[in-house]
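Follow along with me, entry by entry.

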Amino acid sequence: MMPLLTPPPTAHKPTVLVIDDEAGPRDALKVILRPFFNIQSAESARAAIDVLNNQQIDLITLDQKLPDRQGLDLLQEIKHSHADIEVIIITGYGSLKSAMEGIRHGAAGYLLKPFNVTELITLVNQTLEKKQRLDYLRHFIHSSTELWGTEAECARAWDAMRAGYGAIGTTGGEPSTDPMDLLPMLSDLLEAKDRQLLNHCSRVSFYATLLANRISLTVNEQKSLALGAFLHDIGKIGKEPYEFADDEIIGAGGACEQRHHPEAGARLVAPLGLPAEVGQIIAYHHERWDGSGYPHGLKGEGIPLLARIVCLAQTFDHLTAERPDRTPLPVDEAVTLMAAHAGSYFDPTLTTLFTQVVQECKASLPAMALATSPSGRTDA
Ligand SMILES: [Fe+2]
């Protein structure tokens, strides 16, 4: 029996594109989804691209294995050219590894064939609600000038953003006074800007937390570290396209247009009532031990401890994360390179501890990093 599940309210009936080369599953998906959504379908990657070029699509169900292309490859192209279309991978060849790959490349969720109808409809509805939230935030950060204005204007912009965001679907409820309750929205904000930005921030928070377990931080300092690391690049949600940029890599100087993001980010979160250490991490994560960093050229222990930790964590991620323009370094090489800069770029004592801890758990680093986000929200 068809479950009594209704799609989230939107201004229009959402359109779902079903991409599957096998008639059976394709027709099943169409039959299940048709009562709730406009349906388009495609039997191949080429046919899917044709539909995308000619129709407004909200959500895609994507078969992992297509006759003319791998589903993951098509997923990457779709997320590159239509970042606002959400994709659910449906596959008979699934494994945890390919699920993680799909999520890492921006899929909102994953279902194995033969799928459970209730799970399918629930996932589609959750994903469409997430799309509403991301669309709202994308529009907000593109159109708001107050967000980057004076502190009073910025505070007004956050209030407006929270009200609009809270009115969407099930995210609502009374506005909370606990700043930690902002995490789901802040996580969505990073994703609305760019999925790669959210991935980077999640991993950096994870790496920073690894180090936190080796030094004596209070519980509050540990929380601030996890949150500050997660938000360290929030200054990049402005109008310029997000770049997983070379300015962050050892040996590169730092493009001028990127250099304002620590201060911009710290100003941006100032009205949110987050712990002071969070603002410091955002403001100072590009300072270097020898004073050659930016924006202030702070030196040694003049750089707040938690910012020194995040400096290590974000550099490690820039060296080891997969990126389109170059091959990532294996953990051992990244660690060797970072150790060579202990005492110049990095706090020497923290560098020793950091290189130890990432080497100890390097076997599980990629999967653990992907699965971790301080917001506690998994993908829809
Ligand atoms: Fe940064």
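**Entry 1: a pair of neighbours across strands.** I started with Ile19, and found Leu62 of S3 standing opposite Ile19. This is a predicted model, so I kept the confidence in mind from the start.

Entry 2: Next I asked which strand S3 is joined to by five bridges. I found strand S4 (residues 86–91), and S3 and S4 run parallel. Here Asp63 stands opposite Ile90 in S4.

**Entry 3: is S3 buried or exposed?** I went through S3 and found five of its five residues buried, so the strand is largely enclosed by the rest of the structure. I then looked at the faces of S3, and both are covered. Leu59, Thr61 and Asp63 are buried on one side, while Ile60 and Leu62 are buried on the other.

Entry 4: I followed the chain into the loop between strand S3 (59–63) and helix H3 (71–81), where Gln64 has its place. Why does Gln64 count as buried? I noted 24 other C-beta atoms within 10 Å of Gln64, and the cut-off for a buried residue is 20 or more. I also looked up Leu75, which is 11 residues from Gln64 along the chain; their C-alpha atoms are separated by 9.1 Å.

**Entry 5: stepping back.** I wanted the overall picture, and noted 15 helices and five strands in the protein. Of the 380 residues, 40% are buried. I also looked at contacts between residues at least 6 apart in sequence, and 66% of these join residues at least 24 apart.

**Entry 6: the largest nonpolar core.** I found 57 residues in the largest nonpolar core. Ala208, Ala229, Leu231, Val310 and Ala313 have the most contacts inside this core. Which helix gives the largest share of this core? I found helix H8 (residues 195–212), with 10 residues. The core also draws at least three residues from each of domain 2 (144–175) and domain 3 (176–371).

Entry 7: I listed what Ala208 touches, leaving out residues up to four places away in sequence: Leu225, Ala226, Ala229, Ile309, Val310 and Ala313.

**Entry 8: helix H8.** I checked the length of H8: at 1.5 Å a residue its 18 residues should span 26 Å, and its end C-alpha atoms are 26 Å apart, which agrees. Since 17 of the 18 residues of H8 are buried, the helix is largely enclosed by the rest of the structure. I picked out His200, which is found in H8. With 23 C-beta neighbours inside 10 Å, His200 counts as buried. The C-alpha atoms of His200 and Leu190 are separated by 9.8 Å, and these residues are 10 apart along the chain.

**Entry 9: helix H11.** In H11 I found Val278, Gly279, Ile281, Ile282, Ala283 and Tyr284 buried. What covers these buried residues includes helix H9 (219–230), helix H10 (261–269) and H12.

**Entry 10: two cis peptide bonds.** I know that, in general, most peptide bonds are trans. Still, I found a cis bond joining Lys113 and Pro114, with omega about 0 degrees. Pro114 is in the loop between strand S5 (109–112) and helix H5 (117–143). Another cis bond runs from Tyr294 to Pro295, with omega near 5 degrees. I placed Pro295 in the loop between H11 and helix H12 (305–320).

Entry 11: I noted a mean pLDDT of 87 for the protein, with 86% of residues at 70 or more. Confidence is highest in helix H11 (residues 276–284), at a mean of 98, and lowest in helix H15 (residues 365–371), at 51. Over residues 1–8 the pLDDT is below 50, and this stretch has 16 contacts in the model beyond near neighbours in sequence. I also marked residues 368–380, where pLDDT stays under 50 and the model has 29 contacts beyond four places in sequence. Where pLDDT is low, the predicted coordinates should not be read in detail.

Methods: Residues numbered from 1 in each chain as written. Predicted model: local features only at pLDDT ≥ 70, side-chain atom pairs only at ≥ 80, totals over all residues. pLDDT = per-residue confidence, 0-100. Helix = DSSP H or I, 4+ residues; strand = E, 2+ residues; numbered from the N terminus. Contact = placed C-beta atoms within 7 Å. Core = buried A, V, L, I, M, F, W, Y, C linked by C-beta atoms within 7 Å. Buried ≥ 20, exposed ≤ 12 C-beta atoms within 10 Å, placed from the backbone. Domains from an automatic or database assignment. Expected span 1.5 Å × (residues − 1). Pairing = 2+ DSSP bridges.
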